Amino acid sequence: MGASTVRAPLTRGVFSIYCSYPRLKSNPLYFSVSLASSVQQVRRAAAASMSYDKQLAAAKKAAFLAARLCQKVQKALLQSDIQSKSDKSPVTVADYGSQALVSFILEKEFPSMPFSLVAEEDSEDLRREETRGTLVRIKELVNDTLASNGMNDISPLSEEDVLDAIDRGKSEGGPHGQHWVLDPIDGTKGFMRGDQYAIALALLDEGKVVLGVLACPNLPLTSVTSYDRHNSQDKVGCLYFAQLGAGTFMQSIDGSPPRKVHVSATTNPEGALFFESFEAAHSSHDLSSLIVKKMGVKTPPVRMDSQAKYGALSRGDGEIYLRFPREGYREKIWDHAAGYMVVAEAGGIVTDAAGNPLNFSRGRYLDLDTGIIVTNQKLMPALSKAVVESLKERASSLQS
Ligand SMILES: Nc1ncnc2c1ncn2[C@@H]1O[C@H](COP(=O)(O)OS(=O)(=O)O)[C@@H](OP(=O)(O)O)[C@H]1O
Ligand SMILES: [Mg+2]
């Protein structure tokens, strides 16, 4: 099957062990565990009925500003804007600038609340003398973005302010309290290629994702399948947002009225379209191909960088998203929290390869089984079956 890729148009394109053991129940430890468990259940119930309108408004504002900063950098990306992290993955001034901006805005919006941010970047490499020029460039990008988007009342950030804002992202997250979760640029390689990327921001409350915002500056406003980059009527730049129990909405980053979106209602796998990572190193294209073949999917994959895949699926551009990283790779919560929320509130299902729900309460990592699969309610049984069979086949072929 040939793959199609979605390119950017402008450049190129409980702890409730319910314990029925009487011995354990008479243990004082049981009572404290039971009490802790009840407190947690009450907090979770409260979270489920809460409105996060203020947090959502702040998250949209922060993601919008970050998108503006990233757009400016992507338009004229310089070689000096790119650095290599200790794990050899690339990071750009836009990744740092986006994280500093989002961190700064969120903390400013909620001054009386404890602030916790779990985010991808840290400032260690920027604190070295030889990267001083890069730090100055990031500071200017942040201050210019604030000033040119009507926030002139804010005093410009210093270099130290920028470093501090980035380092607020070092929280470990976890099952208690509220934590913002941020990928300042998801799909940095796509961003560098001039293709798809996303600013992905979510809020965890008592271990559950309660809101998600995805800014996808290069995602077509209509559909990735009908988009024609030579047609000037076909615009790009989508902002998705979702709040627990309130559905998923999409608007243009430039500010069109939001519209509610829903995942595709397709029940026939033959007509289904599937998404996977652009980078083969991030997800096994061979395994995805085996899985969809078993389901009877006829269309080639749409390969796209970043959580823009979750956004496209949430509005029905395609039906299936498969992600199978190499063994041992640990998925980070910021690579999925916002996208998960956008798809779940649009009626889709996101699980690991064994069908377990994703657990965002374990800290910075997801620690899930094998991979991530996403589709609508109707197609999930067929997809799960094909995944189980394909994983078995792959395991036996590796043994022989
Ligand atoms: N080896 C490996 N395996 C799996 N995943 C990896 C791997 N390395 C990186 N990453 C993470 O993938 C994020 C990019 O998202 P995608 O894989 O969906 O996009 S892409 O097509 O690969 O660009 C990417 O997000 P960013 O780092 O924000 O770009 C990484 O978190
Ligand atoms: Mg990133």
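# Domain layout, helix packing and an annotated site

The chain is assigned two domains, domain 1 (26-47 + 263-395) and domain 2 (53-261), with bounds that come from an automatic or database domain assignment. The model is predicted, so local features need pLDDT of at least 70 and side-chain atom pairs count only at pLDDT 80 or more, while totals for chains, interfaces and linings use all residues. Residues are numbered from 1 along each chain as its sequence is written, and chains are lettered from A and ligands numbered from 1 in the order in which they are written.

- The centres of domain 1 and domain 2, taken over C-alpha atoms, are separated by 23 Å.
- Domain 1 contributes 35 residues to the contact and domain 2 contributes 45 residues; two residues are in contact if their C-beta atoms, placed from the backbone, lie within 7 Å.
- On the side of domain 1 that touches domain 2, two or more residues each come from helix 2 (28-49), helix 9 (308-314) and helix 10 (337-345); helices (H or I, at least four residues) and strands (E, at least two) are DSSP runs, numbered from the N terminus.
- Helix 10 supplies the largest share of this side, 7 residues.
- The side of domain 1 that touches domain 2 comprises 17 nonpolar, 8 polar and 10 charged residues; Ala, Val, Leu, Ile, Met, Phe, Trp, Tyr, Cys and Pro count as nonpolar, Asp, Glu, Lys and Arg as charged, and the others, Gly among them, as polar.

**Helix 3 and helix 4**

- The axes of helix 3 (residues 53-75) and helix 4 (residues 93-109) come within 9 Å and cross at roughly 160°; axes are lines fitted to C-alpha atoms, for helices over the stretch in contact, and angles run from 0 to 180 degrees between N-to-C directions.
- Helix 3 is therefore roughly antiparallel to helix 4 (angles under 35 degrees count as roughly parallel, over 145 as roughly antiparallel, 65 to 115 as roughly perpendicular and the rest as oblique).
- Among the residues that meet are A58, L65 and V73 in helix 3 and G97, L101 and I105 in helix 4.
- The contact of helix 3 with helix 4 divides into 13 nonpolar, 3 polar and 2 charged residues.

**Helix 8 and helix 11**

- The axes of helix 8 (residues 285-295) and helix 11 (residues 380-399) cross at roughly 130° and come within 9 Å.
- Helix 8 and helix 11 are therefore oblique to each other.
- Helix 8 contributes L287, L290, I291, K294 and M295 to this contact, and residues from helix 11 include A382, E389 and R394.
- The contact of helix 8 with helix 11 contains 8 nonpolar, 1 polar and 3 charged residues.

**Annotated site**

- The UniProt annotation "binding site" (unreviewed entry) covers E120, D183, I185, D186 and D335; such annotations may be inferred rather than shown by experiment.
- These residues span 216 residues in sequence, yet no two of their C-alpha atoms are more than 9.6 Å apart, so they gather at one spot.
- D183 lies in strand 5 (residues 178-186).
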